[in-house]
Amino acid sequence: MTSAATSTNRYCRAIWLSDLHLGEKHCRADYLLTFLKQHQSDFLFLVGDVVDMQALNRRWYWPAAHQQVFQLLVDKARSGTRVIYVPGNHDATMRRFDGGLVDKIEVHREYIYDSPSHGKLLLIHGDEFDRQLCASRFDAWLGDNAYDLVLLLNRVWNAGRRLFGLPYQSVARTLKLCSSKAESAMQRFRTAALQRAAQAQVAGVVCGHIHHPELQYLQGQLYINTGDWVENCTAVLEHRDGRLELCHYSEVEKALSRLVPQQTVPQQTVA
């Protein structure tokens, strides 16, 4: 198992995670487990695709690290952390528990979090906007299969980097940033998410789904995409002083972007 970054415990008001994909072979449960052990919070928001039931239906894959992550999430809920779970498309069967509790974990189809520093934020997974991303079922099928290939390349690439003592690097993120078609799809997703937030009359939106982490203001609205734990290994933290931080967590912990309370323009992304 790869060693993740080591640091002292951090105590936050809220943590947002999504797209863990437990049960899928590309899940970076090793990094995620260490992150969860080292970060405590009053609120822990799971914004969809926590357990990849689609992958498990195709082929059972549930190693010890995945069980440890799952158990730690449950333990946090039992020990007083308010864990709120908004299921996604890969764990859509959990949506039938909307408004209920599953072992102290609150389940909601969508949720509005009232941040003391940033106002009301709408939490949705984001699969609601799939029609805006793909023109046809064939495009969706092609995208899924191409992404599986990219994740395979990501595993091979990082296995090689570990041999040379180099930290984790996301191949998929690099390819997305170089693809005009991917950027166009992500822009359509952002637009749809912000329109949904405007309809809900809230200050911003927190989502996942497209595996592209972001933390920024767009057209006066706060847009947060938590990223994922199969390629980017990212989480969003709300510190007790109101600061928001999008961080990457693998062998090293790195802040990707930050926002302070009442700030209208985010800081530049950290290189």
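This is a predicted model: local features need pLDDT of at least 70, side-chain atom pairs count only at pLDDT 80 or more; totals for chains, interfaces and linings use all residues.

Reply: Strand E7 covers residues 119-123, and five bridges join it to E6. The two run antiparallel. Within this pair, isoleucine 112 stands opposite leucine 122 of E7.

Now widen the view. E6 and E7 belong to an open sheet of five strands. Read across, the order is E6-E7-E8-E10-E9. The pairing is mixed. In general, strands of a sheet pair through backbone hydrogen bonds, and they do so either parallel or antiparallel.

Next, the edges. Strand E6 spans 111-115 and strand E9 spans 214-218. These are the edge strands, because each pairs on one side only.

Then the cysteines. The cut-off used here is a sulfur pair within 2.5 Å.

Take cysteine 12. Its closest cysteine sulfur is in cysteine 247, 8.3 Å away, so the gap is too far for a bond. Seen from cysteine 247, the closest cysteine sulfur is in cysteine 12, again at 8.3 Å and too far for a bond.

Are these residues buried or exposed? Cysteine 12 has 0% relative accessibility, so it counts as buried. Cysteine 247 has 1% relative accessibility, so cysteine 247 counts as buried too. The threshold for buried is under 20%.

Terms used: Residues are numbered from 1 along each chain as its sequence is written. Side-chain values use heavy atoms; hydrogens and water are left out. Helices (H or I, at least four residues) and strands (E, at least two) are DSSP runs, numbered from the N terminus. Buried means under 20% relative accessible area, exposed over 50%, partly exposed in between (1.4 Å probe, protein chains only).
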